Structure formats: structure tokens, C-alpha cells
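Subject: Structure handover

Hello,

Here is the structure we talked about. Please open it first, then read the notes below it.

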Amino acid sequence: QSFSVTPAFSPPSSCRISAAAMRASQGSGGGAAPAKEEDPTKRLIRICLSIAVRVNKTFLLLTSCLQTLLLPQLSKYQYRVYLLYVLQVVSSDVFQMMLAKCLQSYYNMNNLLLLLSLSSFVPFMRVVYNLWTFIPCPAMASIISNVALLLSLITILVLGIGTYENMFMVFTYVNMVWPWLVLTSIVSRLFIERQAGRNPFSPVKDLPFMGFLGAGSWVLCFMALKQMTITDCLVLMVLDNVLAAAV
């Protein structure tokens, strides 16, 4: 007698398929959630940021190329030399005359001597400070001289303010008297501490004479500048150097 061994329970194929589908649905429900659609706003922001990064890189590359092609590639020493050249041009007498003539032509400023006095006030005070600092002088004499100059400046300034209402008139009044006192003090210090071997110029004869020549030349230049054009000034300035070298 033949017989076959069958399992105790053998579900049909349809049941197996449904069970597999149920397990798959359960597994998907218990695992990671399905990917949601990306927010359009965040996507737009990400696209804009990527475009901005690309534009920035392109702009940096373009500026670096232009800097290499157009701007001079100079060392620090060369920049320093060219800066000195520019300062020499700005501080030259030709540039100062041109500036004064432009002020007269475009702004109707005819008092050029007052302009010269205003422009030379700060350099004068700087030179005075340097001379008081570097010229050797006894301590007590230096204190007495400096205090006397300060008191004289205050006195002249008070008299000018009480006499004139215009501040430019007060400035002119003070400059008529006080700089001479300062120059007298400087000459006296140079004469007291004179060193003939180191200083070839006499503080009583040579230095005042050269100072008068320099100041007088500037005064004459600005007086003639009122009736001249800037072209005439430039030509005469060139001839001035030639004549000075010849003399």
C-alpha cells in the first residue's frame, strides 16, 4: 500500500501572494517614509545661490585678468619712488602757481598775497617747531624765549581781535609782527650755538639774506600772477630754472 506524506497545512498560492503583499505593505509602513516632493521655494533659493557663486567666480577671474593686463605690477620700492615723484609735482612751484591762478579765474579770488600767507602758515610753524627742537640752547634761556614768544602772540592776537572784526584782518595783523619775533629768536639761537666747521652759512648774514630772497621771489610771483595767464606762468617758471642754473 503506497501513501504520500503531505504537510499539515499548505496554504493555497493565492493566500501566499496576499500574505507577501501584506508583509511588503507592513515593511514599507514601518521603514522610512516615502520621499516628499522638494519645496519650490528652497529649490529656487538653491538655484540662485549656485548662480551667484558662479557669477562671483567669473567676476574674480575677470578682475584678476584685468589687473594683470592693465595695472602695473610694481614692487614696494617702485611704488615708493613714484609716490615721491607725485609729491614733488604737488609741492612744486609750478603746481602752486597753477592752483592760485585757477582760484583767481574760477572763484574770483584776487587777494593772492593773503592766499600765499595762509598757505605758508602751517609750514612756517612746522619749521619753527623743528628748529626749536633741534637747535641746542640752554634750558633756562629756551624757557624764557618760548614763554616770551607765547605771551607776545597772545597779546598781539587780543589786540587784533579788539581792533578788527574780520578774521582775515586779524590774521594779517598778527603775521605782520609775530613772525619777526620768531625769526629773531631763531637767529639768536643759531648765533649763540654757531659751529663754524659744520655750518658754512652765517646766521646773521647768509641765512637772513637767502630767506629774504625766497620770500621776495614768491611775493613778486604772486603779484605778477594777477595780470598773467597760466601759460605765461609755466613758460616763465621753466626759464626761471634755466636762468638760476646759468647764474
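Start with the lining of the largest pocket: by class it has 31 nonpolar, 10 polar and no charged residues. Here Ala, Val, Leu, Ile, Met, Phe, Trp, Tyr, Cys and Pro count as nonpolar, Asp, Glu, Lys and Arg as charged, and the others, Gly among them, as polar.

The model is predicted: local features need pLDDT of at least 70, side-chain atom pairs count only at pLDDT 80 or more, and totals for chains, interfaces and linings use all residues. Residues are numbered from 1 along each chain as its sequence is written, and side-chain values use heavy atoms, with hydrogens and water left out.

The pocket

The largest pocket has a volume of about 1,700 Å³. A pocket is an open set of points on a 1 Å grid over the protein atoms alone, where a 1.4 Å probe fits, with protein on both sides within 12 Å along at least five of seven lines; lining residues have an atom within 4 Å of a point. Grid points are joined across faces, edges and corners, and the volume is the space filled by probe spheres set on the points. Of the 41 lining residues, Ser120, Phe124, Leu183, Gly211 and Ala215 are the closest to the centre of the largest pocket. Two or more lining residues come from each of α4, α5, α7 (167-192) and α8. The most come from α5, which gives 13 residues.

The fold

The chain has nine helices and zero strands. These are DSSP runs numbered from the N terminus, with helices (H or I) of at least four residues and strands (E) of at least two. Of the 247 residues of the chain, 13% count as buried. Buried means under 20% relative accessible area, exposed over 50%, and partly exposed in between (1.4 Å probe, protein chains only). Among contacts in the chain with a separation of 6 or more, 63% join residues 24 or more positions apart. Contact means heavy atoms within 4.5 Å.

Helix α4

Helix α4 covers residues 93-107. At 1.5 Å a residue, its 15 residues should span 21 Å, and its end C-alpha atoms are 21 Å apart, which agrees. The expected span is 1.5 Å times one less than the number of residues. Met97, Ala100, Lys101 and Gln104 are buried in α4. Seen down the axis of α4, the buried residues fall within an arc of 95 degrees, so they line one face of the helix. That arc is taken over the directions from the helix axis to the C-beta atoms. The buried residues of α4 pack against α5 (112-134), α8 (206-225) and α9 (230-246). On the other side of α4, Tyr106 and Tyr107 are exposed.

Two loops and one more residue

Asn108 lies in the loop between α4 and α5. Asn108 is not a glycine, yet has a positive phi of about 55 degrees. Most residues other than glycine have a negative phi. Asn108 is exposed, with a relative accessible area of 59%.

Gln73 sits in the loop between α2 (40-69) and α3 (76-90). Gln73 is exposed too, at a relative accessible area of 56%. Leaving aside neighbours within four places in sequence, Gln73 is in contact with Gln67, Thr68 and Gln78.

Met169 is in helix α7. Met169 is partly exposed, with a relative accessible area of 39%. The C-alpha atoms of Met169 and Leu114 are separated by 9.8 Å, and these residues are 55 residues apart along the chain.

Best wishes
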